[in-house]
Amino acid sequence: MSYQNQSQSVVDGDLDRMNEIEHENNQQGIDETTLKKISIGLNRIYGHNGESYYIPIPAAHLSALESFSKRLFETDDLPYRITRRDGVDCVVALRMAYDIRLLPAYARIYSPSLAFPPDFDLFFEEYRQHEICQYGHIEWLPSDDGNRVAMVINDIEPKHARMANNFVLMIREAARKKQLAKRMRDWLSGCRRNRRYLRSFLIRILEEHARIMVVDVVFLYRRSACANQTEAIARGIKLREQSEHEYLAYLGATETNEVSERVIGLDELKDDLKMFFNNARHKPSLFGKEKFIDYFGRIEYSRDVGYHAHICFFYKGSEAQRHIWYSHEIGKYFEKITEGRGYYFSANAKAAEGKYRNVGIGIVEHDDFEKIRHLWTAVSYFVKASQVVRVKNTGKEQMVLHGKRRERHGVKLGRPRDTGLCGQEYRSMLEGIFV
């Protein structure tokens, strides 16, 4: 086989493998959109009126690191192939060479305040111990690489290519010794359990009610809010500086964790949520059993503001339709519970202004499968995010929020449903959406 044909076969094989990896990611529910949302959530700065500012810092490379992890631990790929040509070592850059170029960016995702999946942790640990962490200045790929997956590059020394290959082989050996596969299963077990609960939660609600009302509210704190875009930019600069400081400390195997006085602690939020839901029983106008069904949400974390809560409240659509009004009333109730320390953001109000695409909140009919699909995309994020990043030092705290499931017997569906929109056939349709 000629060298040109050999390179083309590498291109075709690598592209095929990339398509397979993308399919695997989607099957597991960790797609690029979800990873971008996680990154935005970690780096978001909130304003007083619920508006938010996204300050891009290194976590934006989460998506690329997730894909790199797949290639590391689920394939035998290497970043470079070294061949002998006319008596001279010739370096061929393969698909993983892109990842080698991005290694410093991947390492900057590390934060002492966050807990990552075992595969990410293994990368962070092995990278800083390997000599390659000192070679971020190397041109691992030519600047004019375009979209080519495999190419001969003459400006990288074979010794550097061997170093990169050695790093990949070393981390794979470490994964074997440290039983990475088992640790990943343990990490994901809780996420899968929450995902199963959410699926059954939504299926049960849609089977029991011909119409539901979904109210989407974020609970925030005034102490952590910024006044305007100018302040958000200043805080964003500080976040970048802090991130770089954490990166240098990480490379030096030391720990640093700077905490601003405006950051909301987990205990404060949990206490307020406990009071909110305990007192909800005394608020029949919002949570009366004749209209309110249940809730599902998640405690979220931002590097700038600490903890906050994002919750979807579900109502019987036959008894409640004013979803924007309910979102504001629920938010005002949180403000009352927190004695003004807290405030809220209404996603329903924002959606009504046309600010969102693919809206799955508000009134949802049992046969509006497009809206049901958007609803699943929105709420399944609550459990997907925990697969990629969590917050350290939370112990066994439950970060996913939901009520106590109440089984109903002799369920009445309200108005008669069309054929195929009830029973096992309807359930199967929903199961096909909730994957």
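Which residues are buried in α2? In this predicted model, local features need pLDDT of at least 70 and side-chain atom pairs count only at pLDDT 80 or more, while totals for chains, interfaces and linings use all residues. Residues are numbered from 1 along each chain as its sequence is written, and side-chain values use heavy atoms, with hydrogens and water left out.

Helix α2 runs over residues 32-43 and reaches 17 Å from its first C-alpha to its last, close to the expected 16 Å (1.5 Å times one less than its number of residues). Helices (H or I, at least four residues) and strands (E, at least two) are DSSP runs, numbered from the N terminus. The buried residues of α2 are Thr34, Leu35, Ile38, Ser39, Gly41, Leu42 and Asn43; buried means under 20% relative accessible area, exposed over 50% and partly exposed in between, with a 1.4 Å probe and protein chains only. They pack against several elements, including α3 (62-74) and β8 (292-302), contact being heavy atoms within 4.5 Å.

Strand β8 holds isoleucine 293, which is buried at 8% relative accessible area. Tyrosine 315 sits 22 residues from isoleucine 293 in sequence, yet their C-alphas are 5.1 Å apart.

As for rings, there are 39 aromatic pairs (Phe, Tyr and Trp, the last by its six-membered ring, with centres within 6.5 Å; planes under 30 degrees apart are stacked, over 60 edge-to-face, the rest tilted). Phenylalanine 68 and phenylalanine 123 have ring centres 6.1 Å apart and planes at 85 degrees, so this pair is edge-to-face. Phenylalanine 68 belongs to α3 and phenylalanine 123 to α6, so the pair ties together parts 55 residues apart in sequence. Both phenylalanine 68 and phenylalanine 123 are buried.
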